[in-house]
Amino acid sequence: MVSLAARLTCRPLCVAMLCRSCAGWLRSLPTLRLRAPGSPLAWSSARLPALPVWAAASVSAASPSSWYEALAASAPVRTAEEVLLGAHEATGLPWWGSIILSTVALRGAVTLPLAAYQHYILAKVENLQPEIKDIAKRLNQEVAVCARQFGWSKRVARLTYLKNMRRLVSELYVRDNCHPFKATVLVWVQLPMWIFISVALRNLSTGATRSDVPAGISVQEQLAAGGTLWFPDLTALDSTWILPISVGVVNLLIVEIFALQKIGTSRFQVYVTNFVRAVSVLMIPVAATVPSALVLYWLCSSLMGLSQNLLLRSPAFRQLCRIPPSKSDSNTPYRDLSAAFCAKFLSRKG
């Protein structure tokens with residue numbers, strides 16, 4: 001214990017040190033001059049301290065359009081611009097033909113192999129379902145026996161079953177190298193590529209890019225004269241709404257093809273399908289507010305997506321891609337698809 005005398009001796013010393021430090025802190029603050037009524041406040045000896053770099057960056061990043069400006073000036077978008085300009089210069093086609101050719105080449109070289117890999121993974125997962133059902137049946141019996149022996153409650157028995165079931169299914173996925181997450185690689189590649197090319201085409205259409213051709217004619221002026229048919233100006237909106245409606249119809253057709261091949265869908269899958277249907281319809285007014293160059297790219301990309309979905313139903317192409325046969329495969333996929341489409345949509349009218 002510290003004696004009372006020591007406490008009384010230390011207290012004045014602490015107070016003096018505190019006053020000395022406070023005086024130094026107060027001296028570092030700017031003093032406020034007296035002002036006449038109605039005049040603004042003025043600091044006498046110093047200006048207000050500047051914001052640190054991180055604070056200034058956060059304030060500048062708070063503007064609503066800064067995220068899009070950063071995206072439009074990003075390296076992936078600049079690369080997409082260079083790819084589009086290079087394809088246009090290499091082929092010598094008008095811009096509408098160059099956009100179509102670039103879309104077909106990118107979808108064929110990038111997304112088609114990834115789509116085939118996605119079907120490869122999904123086919124292997126589908127082939128594991130009988131084994132998974134057998135494991136689930138045996139595990140359920142073992143858990144029931146243990147629950148009777150050790151007096152487990154229903155909650156404990158269910159948690160034990162789910163924990164062991166997840167472990168066993170994961171071991172099956174590792175054994176066959178077919179984890180379902182690998183089937184999502186297509187989305188993680190296709191969606192960013194679609195966004196980058198869309199922003200690149202918007203930059204070229206609005207003149208927001210610094211890329212110019214050697215002849216002195218800007219890319220925007222070339223796009224203004226690079227259309228065809230009812231959209232001669234690729235920098236303008238499609239006043240006829242033919243391109244926007246076509247984008248929505250093709251996207252809806254892709255959704256319906258996926259919905260027709262699903263048998264016994266869950267409630268969550270129904271919700272997802274309806275959400276994608278709504279997004280496809282919403283794309284129509286969105287496409288009517290952007291330059292025709294973007295809508296032409298969206299339409300070509302959707303048509304390529306529809307084509308590759310139909311192509312991956314072909315037994316010969318699936319065999320070429322070494323996709324394992326599965327129970328859901330059909331020797332006449334296009335005939336079955338046509339019959340299912342007629343049964344779903346045409347039979348209602350009858």
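## V169 and the buried side of helix 6

V169 counts as buried at 16% relative accessibility, where buried means under 20% relative accessible area, exposed means over 50% and partly exposed lies in between, with a 1.4 Å probe and protein chains only. The residue lies in helix 6; helices are DSSP runs of H or I with at least four residues, strands are runs of E with at least two, and both are numbered from the N terminus. V169 and I135 are 34 residues apart in sequence, and their C-alpha atoms are 8.7 Å apart in space.

The buried residues of helix 6 are A157, Y161, M165, V169, L172 and Y173. An α-helix has 3.6 residues a turn, so residues three or four places apart point the same way. Helix 5 is included in what covers the buried residues of helix 6.

## Model and conventions

This is a predicted model, in which local features need pLDDT of at least 70 and side-chain atom pairs count only at pLDDT 80 or more, while totals for chains, interfaces and linings use all residues. Residues are numbered from 1 along each chain as its sequence is written, and side-chain values use heavy atoms, with hydrogens and water left out.

## Overall composition

The protein chain holds 13 helices and zero strands. Of its 350 residues, 30% count as buried. Contact means heavy atoms within 4.5 Å. Among the contacts in the protein chain with a separation of 6 or more, 70% come from residues 24 or more positions apart.

## Length and end of helix 6

Helix 6 has 23 residues, which at 1.5 Å a residue should span 33 Å, and its end C-alpha atoms are 33 Å apart, in agreement. The expected span is 1.5 Å times one less than the number of residues. N177 follows helix 6 and has a positive phi, near 55 degrees.

## Packing of helix 5 on helix 6

Helix 5 (residues 95–150) and helix 6 (residues 154–176) pack at an angle of about 150 degrees, with their axes 9 Å apart. That makes helix 5 roughly antiparallel to helix 6. Axes here are lines fitted to C-alpha atoms, for helices over the stretch in contact, and angles run from 0 to 180 degrees between N-to-C directions. Angles under 35 degrees count as roughly parallel, over 145 as roughly antiparallel, 65 to 115 as roughly perpendicular and the rest as oblique.

The crossing of helix 5 and helix 6 is right-handed; a crossing has this hand if the near helix is turned clockwise from the far one by less than a right angle, and is left-handed if anticlockwise. Helix 5 contributes K124, V125, L128, E131, I132, I135, A136, L139, N140, V143 and A147 to the contact, and helix 6 contributes A157, Y161, N164, M165, L168, V169, L172, Y173, R175 and D176. These residues divide into 15 nonpolar, two polar and four charged. Ala, Val, Leu, Ile, Met, Phe, Trp, Tyr, Cys and Pro count as nonpolar, Asp, Glu, Lys and Arg as charged, and the others, Gly among them, as polar.

A115 is placed in helix 5 and counts as buried at 2% relative accessibility. Leaving out residues up to four places away in sequence, A115 touches L186, Q308 and L312. A115 and L312 are 197 residues apart in sequence and 8.2 Å apart in space, C-alpha to C-alpha.

T103 is also found in helix 5. With a relative accessible area of 3%, T103 is buried. Its contacts, not counting residues up to four places away in sequence, are Y297, C300 and S301.

## Packing of helix 4 on helix 7

Helix 4 (residues 75–91) and helix 7 (residues 185–206) pack at an angle of about 70 degrees, and their axes are 8 Å apart. Helix 4 is therefore roughly perpendicular to helix 7. Helix 4 passes helix 7 in a right-handed crossing.

The contact is made by P76, V77, A80, E81, L84 and L85 of helix 4 and by F196, I197, V199, A200, L201, N203 and L204 of helix 7. Its residues divide into eleven nonpolar, one polar and one charged.

## Positive phi in loops

Most residues other than glycine have a negative phi, and most peptide bonds are trans. L229, a residue other than glycine, has a positive phi near 50 degrees. L229 lies in the loop between helix 8 (219–224) and helix 9 (242–261) and is exposed, with a relative accessible area of 67%.

R322 is not a glycine either, and has a positive phi of about 60 degrees. The loop that holds R322 runs between helix 12 (315–320) and helix 13 (333–349). R322 is exposed, with a relative accessible area of 70%.
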